[in-house]
Structure formats: structure tokens, C-alpha cells
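The structure is shown first.

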Amino acid sequence: MNEFFLRGPSLYNRLIIVLVVSMLAIVVESKVDQVKTFRAFLTSFVSPVQYLADMPGEVLNWSANRFASRQKMLEENDRLTTQLTLLNGELQRLALLKFENDNLRQLLAAPVKNDMYKIVAELMSIDNNPYSHQIVIDKGALNAVYPGQAVIDSTGIIGQIVEVGTANSRALLITDTSHAIPVRVGRTNFMSIAAGTGDYFELQLQHVPHSADVREGDLISSSGLGNVFPKGYPVGVVKTVISDESQPFKQVLVSPSANMGRLKFLLLLWPVDKKPEDAFSADELRNIQRSLNEGE
Amino acid sequence: MRANRSIIYLTILVALVLQIIPMPQGVDAYRPDWVLIILCYWGMALPKRVSVGVAAICGIILDLLYGTSLGVHSIALAIPIFIVNANCQKLRNQSMAQQIIAILLLSVVHHLCIYWVQYWVMSLEFRWSLFWPTLTTIILWPWIFWLLRKLRRQFNVA
């Protein structure tokens with residue numbers, strides 16, 4: 001057996017075939033939209049590798065939970081109970097305000113805002129690809145996840161779904177360079193677009209005129225324009241404002257309110273007309289809470 | 001004696017897992033190119049088994065795992081593995097220091113290919129941090145070389 005002679009095409013031809021096919025694949029993928037479904041199909045094939053890579057962390061988590069001391073659990077329980085009571089107090093006021101707001105909107109003949117449906121998803125892995133900020137979550141087509149869906153966590157907007165597999169899907173973070181989200185400055189209602197900078201802790205408002213009233217510390221929330229992100233979820237806080245008259249626009253940097261480096265539990269949002277079976281609406285959540293409270 | 005080839009695929013699978021395993025944010029930029037060095041070793045030791053085709057398939061899997069456009073990593077892996085295949089006899093007879101320099105160049109080529117192809121698809125800023133994995137890769141090479149040679153001899157991979 002002589003191992004220096006290859007069967008089939010020669011080494012040069014092989015390289016040329018691979019290069020041509022790869023370039024074709026790149027071009028086709030950037031032009032044809034249908035490739036997405038094929039890609040999702042292939043992704044389900046490699047998801048076992050993702051699960052394998054996710055396993056050591058899962059095992060650590062599991063053993064940490066398993067061996068957490070009773071004392072620590074009690075402390076955590078205490079903390080969570082306090083938090084729940086506080087939040088419930090706030091919620092009662094919010095329910096009243098919402099009711100009032102709906103009534104006022106009806107009086108004005110403005111459309112009443114609908115609740116969103118939510119499912120809790122868990123982070124599977126963060127991509128280490130330095131060129132794009134993407135995460136993989138553990139909900140997919142089985143849970144009626146769809147491309148373009150908004151993903152938030154308890155602190156603010158995280159990003160949107162770009163690719164749906166069978167049991168997991170991929171989300172693009174708002175800090176990615178290819179992502180931009182329509183936003184509104186809370187204090188002045190100034191509308192703008194916050195584009196990702198490729199830095200996990202920075203967004204940039206685009207095309208802000210020098211006359212615009214934007215200050216450090218202003219809260220930025222989603223404006224609901226573009227119909228991808230629902231209105232009113234926090235995006236970030238204005239970090240620095242540089243107003244250099246020699247530049248065409250003001251430079252406004254925003255630090256995202258969600259910590260993209262420490263994601264764990266996420267919420268997927270569905271508008272009312274796309275409600276999946278196992279999602280909860282805000283009203284249903286309230287009912288569940290009430291029944292829990294009565295049970296105590 | 002039957003040649004045992006499953007070891008090759010097993011090591012490649014381990015490399016794929018190591019390539020995407022979650023790491024703390026600061027350390028993440030220094031993640032070695034696991035798949036590249038494993039393929040380099042096999043491409044050098046058994047050019048008949050691991051060639052440009054295997055590298056391209058690994059690249060497609062990496063593209064799927066990373067969410068990059070299909071083809072980016074297959075180009076970036078096929079080119080270094082082609083170089084290794086073409087020079088496998090020279091590489092085998094080189095000293096460790098010379099091999100490390102070769103791996104350094106291959107890793108640089110790999111990262112440049114990824115950058116260049118991605119730049120072609122979407123505009124990107126060039127950063128030197130791109131080459132940090134090269135440092136850990138060359139530190140890792142002697143150990144990987146030793147480990148894989150041991151595995152190859154132990155299991156009689158041919």
C-alpha cells in the first residue's frame with residue numbers, strides 16, 4: 001500500500017472543487033432566501049454537537065444545585081419571596097393603570113394595546129465568532145418560534161430570532177454590527193435608530209442632529225416602529241454624548257440595559273395573533289399568581 | 001491487522017465540541033483553533049485519509065455551528081490542509097521548532113481566510129485580536145502532536 005498516491009481527483013483538483021463549491025454556496029446563500037430552510041434542516045443535524053458542548057456547563061449547574069447548602073437555599077427563598085411581594089405590590093398598581101389607560105384609549109377611539117404572549121427560554125451557548133454576536137436558545141420550531149421574533153430578558157431587549165431549528169434557534173443580539181433597532185428617548189420622545197457596534201456594552205444612535213435634546217442618563221426604549229420589537233421595552237441608557245460641530249451628526253453612545261455577557265433566562269414574545277399553545281398571556285400569569293397566593 | 005479509522009473521526013468530533021464549548025468572555029478571544037490543528041496533524045500523518053474533502057466537511061459543520069455563511073470555514077480550512085497535504089513529507093521530518101513555525105503560518109492563513117471571505121460578504125473592521133488564537137494554537141501544538149501520535153500508534157490508525 002502506497003499512501004502517497006490518492007485515489008480519485010488529484011490534490012489540486014480537490015482544492016479547486018472545494019473552493020469553487022464554497023464560493024458558490026456563499027453567493028447563493030446571500031442571494032436566495034429559500035436556502036434558509038435547507039440551512040435550518042442541516043443545523044438540526046449538527047445540534048448534537050451543540051448539546052455535547054453545552055453538557056459540561058449543565059453538569060456543573062446541576063451539581064451546584066444539587067449540593068447547594070440548605071442555608072443558602074433558605075436565604076435565596078427569603079430573597080425571592082421579598083422580591084415577589086414587592087413586585088406584586090407594583091403589579092397591582094400597574095393593573096389599575098392599565099385598566100385606566102385602556103379606558104382612556106377607548107374614549108379617544110385609539111386602539112387598545114394588546115398583551116404579548118411569552119415563553120421562557122434558556123441560553124444554550126454564546127457564539128465565539130468575533131464577527132457576529134449571536135446566541136443559541138433552547139426553543140425552536142416545536143415551540144412555534146419564528147424568524148424575526150423579539151427576545152428579551154428581565155432587564156431589557158436582547159435581540160431577535162434569525163434562524164429556527166427544530167428544537168433550538170439562533171438569535172442575533174442588538175449589539176451585533178449588522179443589527180439596528182428603532183428606539184425612542186423616554187424624556188423627549190425623540191425617535192432614532194440604535195445600531196450595534198460589535199461591542200457587548202455599546203450601541204450607537206444613528207443620525208442624531210445637533211439640535212436634538214439627548215443627554216447622558218436618558219432612558220432609551222423600543223419605539224415599536226418596524227413591527228419587530230414591541231413598543232416600550234427598555235433598550236439602554238445614554239452613556240456619552242459627543243457634540244462636535246465639525247461632524248454632521250451628534251455622536252450618542254448607549255449602554256444596553258441587558259448584560260449581553262451574562263444571559264441565562266430569556267423571554268420570547270408573541271403578538272396575540274400568533275399565540276402558541278404553551279405560552280402565557282399577562283392576564284393568565286396574573287390568574288396563576290392569584291391562585292398561588294390564595295393557596296398560601 | 002484492521003486499521004482503526006474511527007479514532008480520526010472521534011478526535012475531529014472532540015475538536016468540534018472544544019471549538020464551540022462556552023468559555024468565559026475574556027478567555028474566549030484566545031480559544032485555540034482546535035479543528036485546524038487536529039486536521040493538520042492527520043493531514044500530515046495520514047494525507048490519504050484526511051485531505052481537503054474532510055477539511056471542507058468540517059468547515060461546513062463549523063459554519064452551521066457558528067452561524068456564518070456556508071462555505072466560509074470550509075475555504076479557511078481547505079487551504080491550510082491543502083498546504084499540509086502537499087508538504088506532508090517535509091513537515092514530518094522537521095524539528096518541533098520548525099513545525100511550530102509552520103503551524104503559526106497555517107493558523108494565520110486560516111484566520112486571514114475567514115476575515116477575507118467575511119469581508120467579501122459584509123464589511124468588517126480589521127482587528128489584531130483576530131490573531132490571538134494563533135498564540136494559544138502554537139503553544140498547544142507540541143502537546144496535540146504528542147497525544148495524537150500516541151493515539152495513532154496505540155490504535156494502529158492507518
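## Contact between the chains

The contact draws 37 residues from chain B and 36 residues from chain A, where two residues are in contact if their C-beta atoms, placed from the backbone, lie within 7 Å. On chain B, helices H1 (6–20), H2 (25–28), H4 (52–66), H5 (72–86) and H7 (96–121) each supply at least two residues of the side that touches chain A. Helices (H or I, at least four residues) and strands (E, at least two) are DSSP runs numbered from the N terminus. That side of chain B has 23 nonpolar, 11 polar and three charged residues; Ala, Val, Leu, Ile, Met, Phe, Trp, Tyr, Cys and Pro count as nonpolar, Asp, Glu, Lys and Arg as charged, and the others, Gly among them, as polar.

The model is predicted; local features need pLDDT of at least 70 and side-chain atom pairs 80 or more, while totals for chains, interfaces and linings use all residues. Residues are numbered from 1 along each chain as its sequence is written, with chains lettered from A and ligands numbered from 1 in the order in which they are written.

## Helix crossing

The axes of helix H2 (residues 35–67) of chain A and H1(B) come within 9 Å and cross at roughly 65°. Axes are lines fitted to C-alpha atoms, for helices over the stretch in contact, and angles run from 0 to 180 degrees between N-to-C directions. Val49(A), Gln50(A), Leu52(A) and Ala53(A) of H2(A) make this contact with Leu16(B), Val17(B) and Ile20(B) of H1(B).

## Positive phi

Asn156(B), in the segment after helix H8 (132–154) of chain B, has a positive phi near 55° and is not a glycine. Ala144(A), likewise not a glycine, has a positive phi of about 65°.
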